[in-house]
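Here's a quick briefing to read alongside the model. Have the sequence open as you go.

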Amino acid sequence: MGRLENIDDLIKYNNPAEALVLLDRIVAENPADAHALFLRGKAYWRMGQRSKAMSDYASAASIDPDSPAVHALEQARDVESFFNPDLLNP
């Protein structure tokens, strides 16, 4: 778990691109690692890649229904549903 905690720190302290490289390797080795998928979703979200983030959150939530990804996915969906393109084009 220590390795994933270090990766979470990379995301928290503004280095999501480096975290993403490490997480891609972990997920490639173990695609059912819900925590790694959740963290990769966080990295994608930080990088503005919302659909990839939501996809990883959904995958993590389906693997582990008690994962924090469930809450993250709900929040991401709320953000997406709040978006109003008319506000950008007055």
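The crossing of α1 and α2 is left-handed, meaning the near helix is turned anticlockwise from the far one by less than a right angle (clockwise would be right-handed). Bear in mind that this is a predicted model, where local features need pLDDT of at least 70, side-chain atom pairs count only at pLDDT 80 or more, and totals for chains, interfaces and linings use all residues. Residues are numbered from 1 along each chain as its sequence is written, and side-chain values use heavy atoms, with hydrogens and water left out.

**α1 against α2**
- The two helices, α1 and α2, pack at about 150 degrees with axes 8 Å apart.
- On the α1 side, the contact (heavy atoms within 4.5 Å) uses R3, L4, I7, L10 and I11.
- From α2 come P16, E18, A19, L22, L23, I26 and E29.
- By type, that contact has nine nonpolar residues, three charged and no polar ones.

**Helix α3**
- Spanning residues 34–46, α3 has 13 residues and reaches 18 Å from first C-alpha to last, close to the 18 Å expected at 1.5 Å a residue.
- Its buried residues (under 20% relative accessible area, 1.4 Å probe, protein chains only) are A34, A36, L37, F38, L39, R40, G41, A43 and Y44.
- Cover for them includes α1, α2, α4 and α5.
- D33 caps the N-terminal end of α3, with a side-chain oxygen 3.2 Å from the backbone nitrogen of H35.
- Just after α3, G48 has a positive phi of about 85 degrees.

**D56**
- D56 sits in helix α4 and counts as buried because its relative accessibility is 5%.
- Leaving out residues up to four places away in sequence, D56 touches L37, R40, G41 and Y44.

Conventions. Helix = DSSP H or I, 4+ residues; strand = E, 2+ residues; numbered from the N terminus. Expected span 1.5 Å × (residues − 1). Buried < 20%, exposed > 50% of the residue type's maximum accessible area, 1.4 Å probe, protein only. Polar contact = N/O pair within 3.5 Å; in protein donor to acceptor, adjacent residues only side chain to side chain. Axes fitted to C-alpha atoms, helices over the stretch in contact; angles between N-to-C directions. Nonpolar A, V, L, I, M, F, W, Y, C, P; charged D, E, K, R; others polar.
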